[in-house]
Amino acid sequence: MSELNYITPVGLKALKKELEHLLKVDRPKVVATVAWAASNGDRSENADYIYGKRRLREIDKRMGFLTKRIELAQLVDPALQNPEKIFFGAWVVIDDEESGQKTIQIVGEDEINTEAGQISWKSPLAKALIGKKVGDEVQVYKPKGPVWIEILSFHYESQK
């Protein structure tokens, strides 16, 4: 049984775009370099050949990973969520007693971008927020110890 891979439409589009770029741009360039390097003769000391083959393996591995993640993806449109409570895809404004007010979005594991405030639905903070509403306070356990967080507001955005 495979693990759930919830993802927003934007996240799924990004995975597909990366896969397509690897397939149509990066891989053909590396294949051409390896073919050229192989035609030069001795491959044992041919850096272009050796590093090209290594890069080709890396690309193929990443393409396999992306293909599996896309196959397992369970698309969740944030705009279709219950507007009364916080669920996957919500943009949440919180007041953290430790670091103050900030905005985060609960997204899939393949979409995490902490600089943009996007956190995994599996993170302790997201787990504490899911199912809550404005005005609720939740306790999140951080390495330094427990921290209380107040939910100031939240909303969902259509991603079509």
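How many bridges join strand 6 to strand 7, and do these strands run parallel or antiparallel? Six bridges join them, and the two strands run antiparallel. The legends below describe a predicted model, in which local features need pLDDT of at least 70 and side-chain atom pairs count only at pLDDT 80 or more, whereas totals for chains, interfaces and linings use all residues. Residues are numbered from 1 along each chain as its sequence is written, and side-chain values use heavy atoms, with hydrogens and water left out.

**View 1. The hairpin of strand 6 and strand 7, with the loop that holds Gly-135.** Strand 6 (137–142) and strand 7 (145–155) form a hairpin with two residues between them; helices (H or I, at least four residues) and strands (E, at least two) are DSSP runs, numbered from the N terminus. Within this pair, Val-140 has Val-147 of strand 7 as its bridge partner. Gly-135 is placed in the loop between helix 3 (124–129) and strand 6, and at 44% relative accessibility it counts as partly exposed (buried means under 20% relative accessible area, exposed over 50%, partly exposed in between, with a 1.4 Å probe and protein chains only). The C-alpha atoms of Gly-135 and Ile-149 are separated by 9.9 Å, the two residues being 14 apart along the chain.

View 2. The five strands follow the order 5-4-3-7-6 with mixed pairing, where two strands pair if DSSP finds at least two bridges between them. Strand 5 (118–120) and strand 6 stand at the edges with a single partner strand each, so one side of each has no neighbour in the sheet. Strand 4 and strand 5 pair in the parallel sense over three bridges, and Gln-118 in strand 5 is the bridge partner of Gln-105.

**View 3. Ser-120 in strand 5.** Ser-120, found in strand 5, is buried, with a relative accessible area of 8%. Its side chain reaches the backbone nitrogen of Lys-122 at 2.9 Å, a polar contact (a pair of N or O atoms within 3.5 Å; within protein, one must be able to donate a hydrogen and the other to accept it, and residues adjacent in sequence count only if both atoms are side-chain atoms). Not counting residues up to four places away in sequence, Ser-120 touches Val-107, Glu-109, Ile-112 and Ala-126, contact meaning heavy atoms within 4.5 Å.

**View 4. The largest nonpolar core, around Leu-125.** This core has 21 residues, and those with the most contacts inside it include Leu-125, Leu-129 and Ile-149; a nonpolar core is a set of buried Ala, Val, Leu, Ile, Met, Phe, Trp, Tyr and Cys residues joined through side-chain atoms within 4.5 Å. Leaving aside neighbours within four places in sequence, Leu-125 is in contact with Ile-94, Ile-104, Ile-119, Val-140 and Ile-149. Apart from this core lies another, of 15 residues, among them Val-30, Ala-37, Ile-59 and Met-63.

**View 5. Asn-46 at the N-terminal end of helix 2.** Asn-46 lies in the loop between helix 1 and helix 2 and, at 12% relative accessibility, counts as buried. Asn-46 caps the N-terminal end of helix 2, with a side-chain oxygen 3.2 Å from the backbone nitrogen of Asp-48, while its side chain also reaches the backbone oxygen of Ala-37 at 2.8 Å. Among the buried residues of helix 2 are Tyr-49, Leu-56, Ile-59 and Met-63, and what covers the buried residues of this helix includes strand 1 (5–7), helix 1 (9–38) and strand 2 (73–75).
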